[in-house]
Amino acid sequence: MPFRSIVATPEELAGIVAAFEEAWSKIDARNSIDPVSVPAQRERLGYIIAGLWAAGQTTDLTEVAVRRFEETAVASKALGHRAERQKISDK
């Protein structure tokens, strides 16, 4: 879990965890995550939140994290489709 590496006060850590849970609730409400990949996607969100917080993002952490999660999901899907096309063209 990415939060293990964060050095923060208990209050800050509580805020980070709350932002994570709120962000996950928003992401999960969209029903776009395959149930099998939920643990991996929650971990990915954790790394996003930890990275944003470490970079000084303290306001709107939830909204920025959700946006970053969606942006990176779109990018990884595009890469996956490109790799699939490459496999097909290699045959």
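Arg-44 is positioned over the face of Phe-69, 3.8 Å from the ring centre; a charge is assigned to a ring when NZ of Lys or CZ of Arg is within 6 Å of the ring centre and within 35 degrees of the ring normal. The model is predicted, with local features requiring pLDDT of at least 70 and side-chain atom pairs counted only at pLDDT 80 or more, whereas totals for chains, interfaces and linings use all residues. Residues are numbered from 1 along each chain as its sequence is written, and side-chain values use heavy atoms, with hydrogens and water left out.

The structure holds one aromatic pair. Trp-24 and Phe-69 form this pair in an edge-to-face arrangement, at 6.4 Å centre to centre and with 90° between the planes (rings of Phe, Tyr and Trp, the last by its six-membered ring, pair if their centres lie within 6.5 Å; planes under 30 degrees apart count as stacked, over 60 as edge-to-face and the rest as tilted). Because Trp-24 belongs to helix α1 (residues 10–29) and Phe-69 to helix α3 (residues 61–90), the pair ties together parts that are 45 residues apart in sequence; helices are DSSP runs (H or I, at least four residues) numbered from the N terminus. Trp-24 is buried at 7% relative accessibility, and Phe-69 is buried at 1% (buried, under 20% relative accessible area; exposed, over 50%; partly exposed, in between; 1.4 Å probe, protein chains only).

Gln-41, in helix α2 (residues 38–54), is also buried, with 19% relative accessibility. The side chain of Gln-41 makes a polar contact of 2.9 Å with that of Arg-44 (a pair of N or O atoms within 3.5 Å; within protein, one must be able to donate a hydrogen and the other to accept it, and residues adjacent in sequence count only if both atoms are side-chain atoms). Residues up to four places away in sequence aside, Gln-41 touches Trp-24, Ile-33 and Phe-69, contact being defined as heavy atoms within 4.5 Å.

Key:
Helices (H or I, at least four residues) and strands (E, at least two) are DSSP runs, numbered from the N terminus.
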